[in-house]
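User: New structure on my screen. Can you walk me through a few spots?

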Amino acid sequence: MQILDGKSCASAYKDRISAEVSAAILTGKRKPHLAAVLVGSDGASETYVASKVKTCKEIGFESTLIRFPETVTQEELIEMVDRLNADSSLDGILVQLPLPKHIDADQVTLRIDPTKDVDGFHPGSLGRMMLGLPGFVPATPKGIMMLLAHNKIDTTGMHAVVIGRSNIVGTPMSVLLSRNQNPGNCTVTLCHSKTPDLKSFTLQADIVIAALGKPEFLKADMVKTGAIVIDVGITRVEDLTSPKGYKILGDADFEPLAEKCSWITPVPGGVGAMTIAALMQNTLEAWKRNTHA
Ligand code: NAP
């Protein structure tokens, strides 16, 4: 078994981005600039946004964090998105999900200027991805593709089983893996909560992408020997022995699976790290277009 180390791979991407930005700044260009909108004080969302802001600083990007209380109205949020859209000093805008129940997240996402949609959630971005046109690919699936490419894993001809069909992870992942490219060129099965006998599918998989949000759901007896396991899940589980009071678990039962797999991503230090690297890569691409770098 080999660990698909998202942390070191993300580090390599971030070093490359940082070097490119430093060189451009020496020629008088402004820094790439990402705006993050955070609503409420959900612990996980706070952590994700904090690490995006921290990464921006590390790699020489500017970032602006806009916070709203849980009680923000849809109109106020959309007004802010409009202001950020109009701000020519910004390259990327992200609104951290999930949003409170009284807000229609689709309406907020739709409002983001597609040229600043570095999360890749806008229908325009997803449509471009479907058609194989250049554009912003959602950060988590993009990060997984970057991780496979970095480790020179040739997925051509593999059977990929994706568990979970969300618009931000499972569905775009299934599209990217089925495309005529490498990584890609897989035969893809997309499973979800209504899939009967899921194990009969995962047992056929050369590569399993677990993106369902159920801690340690994927067990060793559900995959064949030598399979590749990509664990997208991030769930906080109470752990009174930890100073934080919780631990983070993925969707894969790591230790027993690791003995059976050819490659496996750890949690933390796997897909999460790559998601942030992919977001930075998307922001870099937006900035390059804006500054003609
Ligand atoms: P989501 O929107 O809740 O979607 C979960 C998907 O899993 C749904 O399609 C659901 O099926 C399916 N599912 C649920 N239970 C299942 C079961 N028992 N068997 C088969 N399929 C099942 O979740 P998401 O936003 O895609 O996120 C999934 C996980 O990834 C979460 O833990 C999330 O925190 C994590 N995540 C991590 C990153 C990262 O950077 N590492 C980024 C995004 C998300 P139905 O459609 O039938 O309901």
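**Loops, cysteines and a helix pair**

Analyst: Start with asparagine 185: at 26% relative accessibility, this residue counts as partly exposed. Buried means under 20% relative accessible area, exposed means over 50%, and partly exposed is in between (1.4 Å probe, protein chains only). One caution: this is a predicted model, where local features need pLDDT of at least 70, side-chain atom pairs count only at pLDDT 80 or more, and totals for chains, interfaces and linings use all residues. Residues are numbered from 1 along each chain as its sequence is written, and side-chain values use heavy atoms, leaving out hydrogens and water.

User: Okay. Where does asparagine 185 lie?

Analyst: In the loop between α7 and β6. Helices (H or I, at least four residues) and strands (E, at least two) are DSSP runs, numbered from the N terminus. Asparagine 185 is not a glycine, yet its phi is positive, near 55°.

User: Is lysine 152 buried or exposed?

Analyst: Exposed, because its relative accessibility is 72%.

User: Switching topic. Which peptide bond is cis, with omega near -5°?

Analyst: The one from asparagine 182 to proline 183. Proline 183 is in the loop between α7 (170-178) and β6 (187-191). Valine 267 and proline 268 are also joined by a cis peptide bond, with omega about 0°. Proline 268 is in the loop between β11 (263-264) and α10.

User: How many disulfides?

Analyst: Zero in the whole structure. A disulfide here is a pair of cysteine sulfur atoms within 2.5 Å. For cysteine 56, the nearest cysteine sulfur is that of cysteine 9, 18 Å away. Cysteine 56 is buried, with a relative accessible area of 0%. For cysteine 261, the nearest cysteine sulfur belongs to cysteine 186, 16 Å away. Cysteine 261 is buried too, at 5%.

User: Back to helices. At what angle do α2 and α10 cross?

Analyst: Roughly 55°; the axes of α2 (residues 43-59) and α10 (residues 271-291) come within 10 Å. That makes α2 oblique to α10. Axes are lines fitted to C-alpha atoms, for helices over the stretch in contact, with angles from 0 to 180 degrees between N-to-C directions. Under 35 degrees is roughly parallel, over 145 roughly antiparallel, 65 to 115 roughly perpendicular, and the rest oblique.

User: Which residues meet there?

Analyst: Ser51, Lys52, Thr55, Cys56 and Ile59 in α2 contact Ile276, Leu279 and Met280 in α10. Contact means heavy atoms within 4.5 Å.
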